[in-house]
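Q: Hi! I have a structure open and would like to talk through some of its local features. Could you help me with that?

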Amino acid sequence: MSMKEDNFADWYLDIVEKAGLSDKRYPIKGMNVWTPYGWKIMRQIDTYIREEFDATDHDEVCFPLMIPETEFAKEKDHIKGFDEEVYWVTHAGLNELDVRLVIRPTSETAMYPMFSLWIRSHQDLPLKTYQIVNTFRYETKQTRPFIRVREIHFFESHTCHVSEEDAQLQVEEDIEILERIAKKICLPYTLLVRTEWDKFPGAHYTVGIDTSMPNGRTLQMGSIHHYRTNFSVPYDITYEDENGEHKHAHQTTFGMSERLVGALIGVHGDDQGLVMPPGIAPFQAVIIPILSKKNADEVLAASKALMSALSAAGIRVKLDDRDDRPGSKYYDWEIKGVPLRLELGARDIENNVVSFARRDTGEKGAIALDDLVPGVRMILDDISDNMLARATEVQKSRVQDIDSTENIPQDKILRFGWCGCEECGHKFEDTFDFKILGTPYHPEEYQGKCIICGKPVDKPAYAAHTM
Ligand code: ZN
């Protein structure tokens, strides 16, 4: 295994392969195969996302993959933003199509012509929908599993509201949902309002959700957008209000992708492999029976009983009864990052305990069998807390305040004054080859000067190299 600190890029690819997350040998570059363990992780995340959005009155939908060019082209900024990175279907069988079809890069232009039919009156609002589907983008930069791919496993919610204020409340709800999801995956993140030139094509504003990776670069894991009526006008999404007046709906979207998997690999993994957050680990605990010739049956039976008891309590557990040495099993489950390893041998049974080892800290100990379920739960909770605290600490340590453009550290997230004007912004980005991530969505106390023009400012901007 490559070392994380020395060479993040190689280490990352190594983990993806050795933990069995994805196979990039599929004969289309950037379209990778989800292999069983990777797909189990993604499904855990999807399941949790569904729970959250169902619980907040969103309805799951599933739209067609293809979009006619005529619909795709209706919002002019949107098509300008995506033109160069979409796949086109030009033929059906032997016939050339009159209207080319886009393979969805995101689903605004698939959904909104239908929303226009679905929404009639203010009583149809808010309309809150989401889907989990694959989207396609022709990436020209070097691809990397989960982080930059051409077929993307994607979550997107789309909502319509009576007013700008209502849509703004949806953004607030999205942020609350995000907080719970990120906690489940133990991922710290920042919420930054993107610059005008970096916002989603067609959006009124975009909030980027970034985390930082061990190579000092930030990774955008998702984004939330307020569209105002930028799409409802071209797509004619109107409703009749109480007074019989026709108005355009205000819209929002929230998108996240398989980059969450890329983030959790990068943020939590170590030189032994993955470290899975208990909240979404396909297996939260693995049981390794420590067998000898004379007690094999007894230990195996006790291990099965242990598994049943934990499963019945809703803990995701795997019994590894393969005919192999315990040491080699430890190694396999360490690479896969299973949070808690339980070892059961004749002596443990005698003492009425099960031995454990934590993946996050390596700490070892024993849990009384009489106290099994609460004992395991307590350790899993503690692992979650520890992983989030550790990752948050690391993320904080990567942010550096700068007040001049001399000796800018290359491996940090920069916090500095920026007057907000495009000229200063572009000058900063072009001169120092950093990308401005934006300004804090939640206000931060700050007094400083624009790093380019010197004008006094009272909110900071953040910039970084990005993945
Ligand atoms: Zn300035």
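This is a predicted model: local features need pLDDT of at least 70, side-chain atom pairs count only at pLDDT 80 or more; totals for chains, interfaces and linings use all residues.

Q: OK, on to aromatics. How many aromatic pairs does the structure hold?
A: There are 26 aromatic pairs in the structure. One of them joins Phe 63 and Phe 115: the ring centres are 6.5 Å apart and the planes are at 80°, so this pair is edge-to-face.

Q: Why does 80° make the pair of Phe 63 and Phe 115 edge-to-face?
A: Because planes over 60 degrees apart count as edge-to-face, and the planes of Phe 63 and Phe 115 are at 80°.

Q: Which parts does the pair tie together?
A: Phe 63 lies in the loop between strand S3 (59–60) and strand S4 (66–68), while Phe 115 belongs to helix H5 (residues 108–118), so the pair ties together parts that are 52 residues apart in sequence.

Q: Is Phe 63 buried or exposed? And what about Phe 115, buried or exposed?
A: Phe 63 is buried, at a relative accessible area of 9%. Phe 115 counts as buried too, with 0% relative accessibility. The cut-off here is that buried means under 20%.

Q: Which residues do ring pairs link into a cluster with Phe 63?
A: The cluster holds Phe 63, Phe 82, Tyr 112, Phe 115, Trp 118, Phe 200, Tyr 227, Phe 231 and Tyr 235.

Q: Now charges over rings. What lies over the face of Trp 88?
A: Arg 100 does, at 3.8 Å from the ring centre. There is also Lys 336, whose charged end sits over the ring of Tyr 37, 4.9 Å from the centre of that ring.

Q: Back to the backbone. What is the phi of Arg 228?
A: Arg 228 has a positive phi of about 50°, although it is not a glycine. Arg 228 sits in strand S11 (residues 218–228), and it is partly exposed, with a relative accessible area of 33%.

Q: And what is the phi of Asn 407?
A: Asn 407 has a positive phi of about 50°, and it is not a glycine either.

Q: Where is the place of Asn 407, and is Asn 407 buried or exposed?
A: Look in the loop between strand S20 (399–401) and strand S21 (413–417). Asn 407 counts as exposed, at 76% relative accessibility.

Key:
Residues are numbered from 1 along each chain as its sequence is written. Side-chain values use heavy atoms; hydrogens and water are left out. Rings of Phe, Tyr and Trp (its six-membered ring) pair if their centres lie within 6.5 Å; planes under 30 degrees apart count as stacked, over 60 as edge-to-face and the rest as tilted. Helices (H or I, at least four residues) and strands (E, at least two) are DSSP runs, numbered from the N terminus. Buried means under 20% relative accessible area, exposed over 50%, partly exposed in between (1.4 Å probe, protein chains only). A charge sits over a ring if NZ of Lys or CZ of Arg is within 6 Å of the ring centre and within 35 degrees of the ring normal.
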